[in-house]
Amino acid sequence: YFELFQAGVTQLNVYDLRGQLVNILLDGPRSAGIHSVAWDGRSDRGVQMPSGVYVARLQSGNEQQMHQMLLLK
């Protein structure tokens with residue numbers, strides 16, 4: 001879950017710990033409010049990623065947040 005305080009173009013990307021892009025979960029306009037996005041643990045090519053730590057980066061307008069995620073199988 002995440003909350004946007006203003007409507008705008010929003011990007012939500014998943015990276016591995018080496019900083020390489022794993023998957024783009026959102027890339028487009030979103031309204032202000034609470035939103036939910038689920039990552040199925042797959043890369044943008046559909047490959048199941050190994051268990052480990054990943055980073056979710058949310059960017060909307062001038063705001064940016066990063067959170068660590070633990071993927072367990």
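Which residue in β3 is the bridge partner of G8?

Modeller: The partner of G8 in β3 is R30. Before we go on, please keep in mind that this is a predicted model, in which local features need pLDDT of at least 70 and side-chain atom pairs count only at pLDDT 80 or more, while totals for chains, interfaces and linings use all residues. Residues are numbered from 1 along each chain as its sequence is written, and side-chain values use heavy atoms, with hydrogens and water left out.

The bridge between G8 and R30 belongs to the pairing of strand β2, residues 8-16, with β3, where the two strands run antiparallel and are joined by 8 bridges. (Strands are DSSP runs of E with at least two residues, numbered from the N terminus, and two of them pair if DSSP finds at least two bridges between them.) Together β2 and β3 form a hairpin with 4 residues between them, and in this turn G19 has a positive phi of about 90°.

Within β3, which spans residues 21-30, we find I24. This residue touches L12 and N13, leaving aside residues up to four places away in sequence, where contact means heavy atoms within 4.5 Å. I24 counts as partly exposed because its relative accessibility is 44%, which falls between buried (under 20%) and exposed (over 50%), as judged with a 1.4 Å probe and protein chains only. Finally, I24 and D44 are 20 residues apart in sequence, yet their C-alpha atoms are 6.9 Å apart in space.
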